[in-house]
Amino acid sequence: MMTPIKVGLVGFGFSATTFHLPFLNALACFAVRGVMSSRPDDVRAVLPDVTVCDTIDALCENPDIELVVITAPNAHHYGLANTAIAAGKHVVVDKPFVTRSADGQALIDAAKQQGTVLSVFHNRRWDGDFLSVKQLLAEKRLGELRYMSSHFDRFRPQVRDRWRETDQDGGGILYDLGPHLIDQALVLFGYPQALTAHCETLRENGKTCDFFDVMLHYPGLKVRLHSSPFNAAPNPRFSLQGTLGSAVFTGLDPQEDQLKRGVLPGSAGWGEYPQEQFAQVYLSEQQQLLQPQSGDYAHYYRQLAEAIRLNEKPSVTASSALQSIQLLEYAVQSSNDGKTICF
């Protein structure tokens with residue numbers, strides 16, 4: 001049986017308590033032993049037996065901690081990860097990996113020198129609809145794919161008072177949701193030949209990007225990545241068009257909503273899509289319903305444990321996450337210059 005990996009959690013906000021802690025608590029291969037937070041009372045109300053500190057140095061000085069999981073605001077990812085790696089810790093960084101690709105490469109080099117695992121939490125590789133898209137493409141049920149759109153729209157017409165909606169480094173929707181969509185496109189199709197992007201601030205009193213439309217150009221294929229704050233209808237998650245037919249997925253993977261409601265990972269019905277979210281598959285004159293697979297974000301942490309304990313390759317490498325950051329930078333450049341960027 002695998003010895004539990006002792007974890008230090010950086011941050012104790014929404015991301016930490018919703019997307020990381022439930023899986024770290026549910027899996028026997030992990031044990032949370034420390035938390036860095038400015039709100040110790042909140043931590044102790046949930047984790048009464050862990051050590052709480054207010055600096056990354058104090059967290060990393062604990063020799064018991066092997067893995068540091070970073071869920072702090074985007075602008076702090078590089079500095080926190082750099083300190084943890086220098087202390088000899090394995091590191092998980094929540095997406096986006098970093099806000100500058102040069103910083104990401106520096107972290108990769110540092111982790112290689114230390115011999116530690118460095119990974120990025122691209123959990124939406126385990127969305128059920130994305131897994132179903134992968135299967136459709138692998139089976140070539142739609143023939144040769146010619147176009148795919150991937151949307152992560154919301155209805156948030158008013159600017160909210162939170163760091164993600166400020167003009168700080170790594171703020172804005174492009175660095176919030178863009179990493180998810182770009183990472184999924186890279187998993188499916190690899191690095192594109194060119195990119196065309198429009199990144200805008202559309203909301204009244206908006207301070208940073210709240211809308212993006214990014215087109216990735218591949219030979220014989222266009223992939224559109226999109227996010228808008230003005231969609232009150234069900235999210236048009238994936239639309240695929242091929243030489244034999246097309247498919248449409250709507251809504252969002254149910255795991256996030258289940259986590260928000262306090263449903264424990266692995267519970268009955270975990271990740272299952274309701275019938276109203278079954279995909280529509282159109283093949284010539286035929287129309288079929290497709291039940292998306294049940295996703296499971298726990299796979300990320302199970303495979304991370306194998307990377308740390310068994311010297312396996314992590315499911316999400318820092319190098320693959322760095323490609324997403326590079327494409328985010330190119331998207332900003334393309335939008336600012338009004339040009340397509342070729343690679």
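Trainee: How many of the 12 residues of α8 are buried?

Mentor: First, a caution: this is a predicted model. Buried means under 20% relative accessible area. In α8, 9 of the 12 residues are buried, so the helix is largely enclosed by the rest of the structure.

Trainee: Which residues of α8 are buried?

Mentor: They are Gly178, Pro179, His180, Leu181, Ile182, Asp183, Gln184, Ala185 and Leu186. Just after α8 comes glycine 190, with a positive phi of about 80 degrees.

Trainee: What span should the 12 residues of α8 have, and how far apart are its end C-alpha atoms?

Mentor: The expected span of a helix is 1.5 Å times one less than its number of residues. For α8, residues 178-189, that gives 16 Å, and the end C-alpha atoms are 16 Å apart, which agrees. Helix α5, residues 101-114, passes the check too: its 14 residues should span 20 Å, and its end C-alpha atoms are 20 Å apart.

Trainee: Which residues of α5 are buried, and what do they pack against?

Mentor: The buried residues of α5 are Ser101, Gly104, Leu107, Ile108, Ala110 and Ala111. They pack against α4, β6 and α11. Glycine 115 follows α5, and its phi is positive, near 75 degrees.

Trainee: Now the sheets. In what order do the 6 strands of the open sheet stand?

Mentor: The general idea is that strands of a sheet pair through backbone hydrogen bonds, either parallel or antiparallel. Here the order is β3-β2-β1-β4-β5-β6, and the pairing is parallel.

Trainee: Which strands stand at the edges?

Mentor: β3 (51-53) and β6 (118-121) do. Each has a single partner strand, so one side of each is left without a neighbour in the sheet. On average, neighbouring strands of this sheet are turned by 25 degrees against each other, direction ignored.

Trainee: How many bridges join β5 to β6?

Mentor: There are 4 bridges between β5, residues 90-94, and β6.

Trainee: Which strands does helix α4 lie across?

Mentor: Helix α4, residues 77-86, lies across β1, β2, β4, β5 and β6. Its direction is at about 170 degrees to that of β5.

Trainee: Which strands pair with β8 in the antiparallel sense?

Mentor: β8 runs antiparallel to β9 (residues 211-218), with 7 bridges joining them. In that pairing, histidine 198 stands opposite aspartate 213 in β9. β8 also pairs with β15 (residues 341-342) in the antiparallel sense, over 2 bridges. There, alanine 194 has cysteine 342 as its bridge partner. As for cover, 5 of the 7 residues of β8 are buried.

Trainee: How many aromatic pairs does a search of the whole structure find?

Mentor: The search finds 12. To read one, take the distance between ring centres and the angle between planes; over 60 degrees counts as edge-to-face. Phenylalanine 23 and tryptophan 270 are 6.3 Å apart centre to centre, with 75 degrees between the planes, and form an edge-to-face pair.

Trainee: Where in the chain do phenylalanine 23 and tryptophan 270 lie?

Mentor: Phenylalanine 23 is in helix α1, and tryptophan 270 is in the loop between α9 and β13. The pair links distant parts of the chain, 247 residues apart. Phenylalanine 23 and tryptophan 270 are both buried.

Trainee: Are tyrosine 330 and phenylalanine 343 buried or partly exposed?

Mentor: Tyrosine 330 is partly exposed, with a relative accessible area of 30%. Phenylalanine 343 counts as partly exposed at 39%.

Trainee: Which residues form one aromatic cluster?

Mentor: Phe30, Phe121, Trp126, Tyr300 and Tyr301 do.

Trainee: What lies over the face of phenylalanine 238?

Mentor: Arginine 237 does, at 4.2 Å from the ring centre.

Note on methods:
Residues numbered from 1 in each chain as written. Predicted model: local features only at pLDDT ≥ 70, side-chain atom pairs only at ≥ 80, totals over all residues. Heavy atoms only, no water. Pairing = 2+ DSSP bridges. Axes fitted to C-alpha atoms, helices over the stretch in contact; angles between N-to-C directions. Contact = heavy atoms within 4.5 Å. Buried < 20%, exposed > 50% of the residue type's maximum accessible area, 1.4 Å probe, protein only. Phe/Tyr/Trp six-rings, centres within 6.5 Å; stacked < 30°, edge-to-face > 60°. Lys NZ or Arg CZ within 6 Å of the ring centre and 35° of its normal.
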